[in-house]
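Subject: Structure for you to look at

Hello,

Please find the structure below, followed by notes on what was found in it. Keep it open while you read.

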Amino acid sequence: MSDIDNLVRAIDPTPHAPDPGPGARELRAAIMATEARPRRTARRRLPRRAGAVGLVAAAGVAAVFLGQVAPTATPPPAATPGVTSLSGTSILLAAAAKAEAAPEGAYWHLKELYAGRRPGPYGKNGVTYYLETSSLSETWVAKDGRTWRGHRQLAARPLDLEAWRRDGSPSEWSIGPDGGVYSTSPGESTFFQNKRKHRLYWSAMPMTLKEIAALPAGPEALKKRALEAIRRDNGVDPVEEGLPRALATLLYELPASPQVRGAAYQALATLPEVQVEGRTTDPQGRSGVAVTFPVQQGQPARTRLIIDPDTSKVLAVDSIGLPDRDGSVNVVLESGWTDTKPSPPSAE
Amino acid sequence: MTHQDRFEAVYDAYYPAIHQYAARRTSSPDDTADVISETFLTVWRRIGDVPRGEEALLWLYGVARRVLANQQRGASRRAVLAERLRAELAADRPVRPVDLEHVRTAFDELPERDREVLALACWEGLTSERIAKVVGCTAFAARTRLHRARKRLAAALERQASLTIAMEEA
């Protein structure tokens, strides 16, 4: 290697290999929710590809969190018919009222757990099983715009313990040719304050904390603003399709004020494609109500939010109506304003 | 292995490399996220064409390279697919080393053809045989281009140095 090469290497603006975070995993899920092949090549390959995933064609905005169901895991609990006499609309409006009464605080805090089955299978000598991996991801936003992030890979879990024991109970599995392992011990936690002010995205619209705080607290005005945000992405058509997803992000993902969260619930209650499907429990066993909306009009796949109507909090987000895949779920452990200072994620 | 499993395996194995490839060649986190998502969308659509083994990475670099060449900002729905990724990248943007600003300037002033082979050799650590596969030329042509690029950068740095000395003496 010449001196020139060393100099060029030294000006590399990204010296460290990035660790795929939640954004990378969401992108993967979103891509896999799109049509696998464009139509013109699909024809040529149809015999081999018939029956493949192209179920959710070009999912667009709502594709985030699209997951699939593990073969060994129980399917996502089907929403049971409502045991409550409240109609879907009134459940959403009740949540809206709770949202408006939620406490304010010095920091917006979002703590999520991502879990899903890894491709595989793993094992040897005819013994095979799948692994479920999970990670914690935390974000804090202070009122002055400072942000912190925390991440921690949690212990990988064989989904078939009997098969894992027959495999010699390994505690690590190689990820692939690029190295790295899944481990039965949790990873180190990473935690840092972002150097620059963080830009927040509402659909395709970059927004400051102030702009998010200044969103309208009325459902119709909020819907109008949501459509403007979605319109920033020229590829989504019709823009109305992105409306439930854009409103849903205000419920748990973005540092919206209690009033704006309330308005988002009210706005969701006005949309015919949003359905309240009845009581269910999230992967943590917390009880809530399933609220679903189509990933794309006319497609069976639906994004499902499990909300706690008593607190208005979103408990978990996943997808239903997809061919069985890896059971990815996004569990919302914390989402709201707090006075507790940011700190590194601890293993659950 | 189904196409889905294969895609997941390819994505998980090569995401860091493609992320890095994109980040090195784009000037904003939004662009980086768009190149990553467009590249992997192409991989997903052509998953049956992705070669096995380490050839896969070279194939992916080739896709990312074409995505970069055709990049049209804000004109696609990929921007939305990569929504959260963009936010993350915006937070973690690395800074360039200041003391090597003159090397960076000289590098940036090289013709694109030179920059490309030098970057693939030095940043991605590819041999000229592999560079040839990424850019679609013969190994001999890649070797020649690399040799010329090194010479041109060395000459540019020398010119800079003599200019600095001349200015100091003046």
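Helices (H or I, at least four residues) and strands (E, at least two) are DSSP runs, numbered from the N terminus. This is a predicted model, in which local features need pLDDT of at least 70, side-chain atom pairs count only at pLDDT 80 or more, and totals for chains, interfaces and linings use all residues. Residues are numbered from 1 along each chain as its sequence is written, while chains are lettered from A and ligands numbered from 1 in the order in which they are written.

Ser135(A) is found in strand β2 (residues 131-142) of chain A. Is Ser135(A) buried or exposed? A residue is called buried if 20 or more other C-beta atoms lie within 10 Å of its own, exposed if 12 or fewer, and partly exposed in between, with C-beta atoms placed from the backbone. Ser135(A) has 20 other C-beta atoms within 10 Å, so it is buried. Contact means that the C-beta atoms of two residues, again placed from the backbone, lie within 7 Å. Leaving out residues up to four places away in sequence, Ser135(A) touches Tyr114(A), His151(A), Arg152(A), Gln153(A) and Leu154(A).

Glu277(A) sits in strand β10 (residues 275-281) of chain A. With 19 other C-beta atoms within 10 Å, Glu277(A) is partly exposed. Glu277(A) and Gly88(A) are 189 residues apart along the chain, and their C-alpha atoms are separated by 7.6 Å.

Two serines with positive phi

Ser169(A) is not a glycine, yet it has a positive phi of about 50 degrees. It lies in the loop between α5 (161-166) and β5 (172-174) of chain A, and it is exposed, with 10 other C-beta atoms within 10 Å. Ser312(A) also has a positive phi, near 75 degrees. Ser312(A) is in the loop between β12 (302-308) and β13 (313-320) of chain A. With 25 other C-beta atoms within 10 Å, Ser312(A) is buried.

Helix α9 (residues 258-269) of chain A has twelve residues, and its first and last C-alpha atoms are 17 Å apart, close to the 16 Å expected at 1.5 Å a residue. The expected span is 1.5 Å times one less than the number of residues in the helix. Ten of the twelve residues of α9(A) are buried, among them Val260(A), Gly262(A) and Tyr265(A). What do the buried residues of α9(A) pack against? They pack against α4 (88-100), α7 (219-231) and α8 (243-252) of chain A. In α8(A), ten of its ten residues are buried, including Leu243(A), Thr249(A) and Tyr252(A).

Two packed helices are described by the angle between their axes and the distance between the axes. Axes are lines fitted to C-alpha atoms, for helices over the stretch in contact, and angles run from 0 to 180 degrees between N-to-C directions. α8(A) and α9(A) pack at about 150 degrees, with their axes 8 Å apart. That makes the two helices roughly antiparallel (angles under 35 degrees count as roughly parallel, over 145 as roughly antiparallel, 65 to 115 as roughly perpendicular and the rest as oblique). From α8(A), the contact is made by Pro244(A), Leu247(A), Leu250(A) and Leu251(A); from α9(A), by Val260(A), Arg261(A), Ala264(A), Tyr265(A), Ala267(A) and Leu268(A). By class, the residues of this contact are nine nonpolar, no polar and one charged. Ala, Val, Leu, Ile, Met, Phe, Trp, Tyr, Cys and Pro count as nonpolar, Asp, Glu, Lys and Arg as charged, and the others, Gly among them, as polar.

Chain B

Chain B has nine helices and zero strands. Of its 170 residues, 42% are buried. Among contacts in chain B between residues at least 6 apart in sequence, 69% join residues at least 24 apart.

Helix α2 (residues 29-45) of chain B has 17 residues, which should span 24 Å at 1.5 Å a residue; its end C-alpha atoms are 24 Å apart, which agrees. Of those 17 residues, 14 are buried, so α2(B) is largely enclosed by the rest of the structure.

Helix α1 (residues 3-25) and helix α3 (residues 55-69) of chain B pack at an angle of about 40 degrees, with their axes 10 Å apart. They are therefore oblique to each other. Their contact has twelve nonpolar, no polar and one charged residues.

Regards
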